[in-house]
Amino acid sequence: VDRLHLRFGPSSIAGNGFSAWVSEPMDIVIEGGAQDGTAKGASGGRVAVMKGVNHEGLRIDGSVGKSFAYGAQAGTLIVQGNADSRACIRLSGADVIFGGEITTPLNGDPLTSSTTANLKGFACEYMTSGRVLILGDPGPYAFSGMTGGVVYQKLTPDMGFDLAALRRRIALGAQVEIHPLAEADVPQVLELLGCYLEALEKTYQYETAEQIRGWSGAEEIPLRFVKVLPKPEKK
C-alpha cells in the first residue's frame with residue numbers, strides 16, 4: 001500500500017492534538033516529543049513519537065502528554081519514551097506500543113505514585129478493543145473500566161517489577177485478570193515488537209533495536225510477558 005510519509009526532526013516537540021484523527025495512508029514520525037491528545041481518534045495509519053537528538057548528539061525524550069491515542073479505532077501508534085496520564089483511554093481498536101522501560105529499581109515502592117512510572121496513571125481506562133504493548137511500568141490505577149482488548153505487559157523482576165508489583169498497579173475495582181501468554185499470543189507480541197523495531201531503525205537507533213532483539217526471541221517472550229484481559233462477564 002502506498003503511504004504518505006511525514007517526518008519531523010531531529011528535535012521537534014509537537015503541540016496539542018498532534019496527528020489527531022490520523023488515517024490511512026499517513027505514516028508520521030516525529031523525533032522529539034508531542035503534547036496532549038496525540039493520535040486521538042486515529043482510524044488508521046501510523047504515528048511514531050521517537051527520541052530526538054539534542055545539541056550534544058544524544059537521543060532524549062520521545063515522550064507524549066496526556067490522553068495519547070484517546071479513542072483510537074485503528075492504526076499503529078508508537079511512543080518510545082514515557083506517556084502522561086490516561087494513555088489509551090477509550091482505546092477501541094488500534095495497536096499501541098509503549099517502549100519506555102524501567103530504569104530505576106522500584107525497591108519495594110508501594111506503587112501508588114506515578115513519579116517514576118513510564119505511564120503516569122489510568123492507562124487503558126475504559127479500553128474496549130485493540131492491542132497494547134507496554135515494555136515499562138504502566139503506572140498507578142491502570143486498566144480501570146477496561147472491558148475489551150488485550151494488554152501485553154513486560155515484567156522486569158530485576159528492577160522490582162514482578163507480578164506482585166503489576167497487581168499493585170491495577171486500579172481498585174478494575175475488572176481485569178492477569179494471565180500467562182498462550183501459544184497464540186507469542187506471534188501477537190512479536191508483531192507489535194516488530195513495529196517498534198522498524199520505528200527504531202527508521203530513526204537510526206540500530207543499537208537499541210539490537211538490544212531488544214537480544215531478549216525477544218520467541219522462546220523468551222512467554223517468560224517476559226503476561227497479558228491483561230477483562231474478566232469474563234457473568235451470565
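Me: What keeps C195 from bonding to another cysteine: how far is its sulfur from the closest cysteine sulfur?
Reply: The closest cysteine sulfur to that of C195 is in C88, and at 14 Å it is too far for a bond. The cut-off for a disulfide here is a pair of cysteine sulfur atoms within 2.5 Å. Keep in mind that this is a predicted model, where local features need pLDDT of at least 70, side-chain atom pairs count only at pLDDT 80 or more, and totals for chains, interfaces and linings use all residues. Residues are numbered from 1 along each chain as its sequence is written, and side-chain values use heavy atoms, with hydrogens and water left out.

Me: Switching to the core: which residues have the most contacts inside the largest one?
Reply: Those are F68, L77, F98, V132 and F143, in a nonpolar core of 48 residues. A nonpolar core is a set of buried Ala, Val, Leu, Ile, Met, Phe, Trp, Tyr and Cys residues joined through side-chain atoms within 4.5 Å.

Me: Which element gives the most to this core?
Reply: β2, with four residues. Elements that supply at least two residues each include β3 (43-50), β8 (92-98) and α1 (163-169). Helices (H or I, at least four residues) and strands (E, at least two) are DSSP runs, numbered from the N terminus.

Me: What does F68 touch?
Reply: Not counting residues up to four places away in sequence, F68 touches T38, A39, L77, I78, V79, R86, A87, C88, V96 and F98. Contact means heavy atoms within 4.5 Å.

Me: Which residues are in the second core?
Reply: That separate core has 24 residues, including L133, A199, I212 and I221.

Me: OK, where does A72 lie?
Reply: A72 is in the loop between β6 (63-64) and β7, and it counts as buried because its relative accessibility is 0%. Beyond four places in sequence, its contacts include A39, L77, R90 and A94. The C-alpha atoms of A72 and A94 are separated by 5.7 Å, though these residues are 22 apart along the chain.

Me: What about Q205, where is that one found?
Reply: Q205 is in the loop between α2 (185-202) and α3 (206-215). With 7% relative accessibility, Q205 counts as buried. Leaving out residues up to four places away in sequence, Q205 touches M50, K51, R59, Q80 and L200.

Me: Which helix has W215?
Reply: W215 lies in α3 and counts as buried at 12% relative accessibility. Setting aside neighbours within four places in sequence, W215 is in contact with L135, K154, L193, E220, R224 and F225.

Me: S19 next: buried or exposed?
Reply: S19 is buried, with a relative accessible area of 13%. This residue lies in the loop between β1 and β2. Among the residues S19 touches, not counting those up to four places away in sequence, are I28 and V47.

Me: Last topic, L6: where is its place?
Reply: L6 is in strand β1 (residues 4-14), and it is partly exposed, with a relative accessible area of 31%.

Methods:
Buried means under 20% relative accessible area, exposed over 50%, partly exposed in between (1.4 Å probe, protein chains only).
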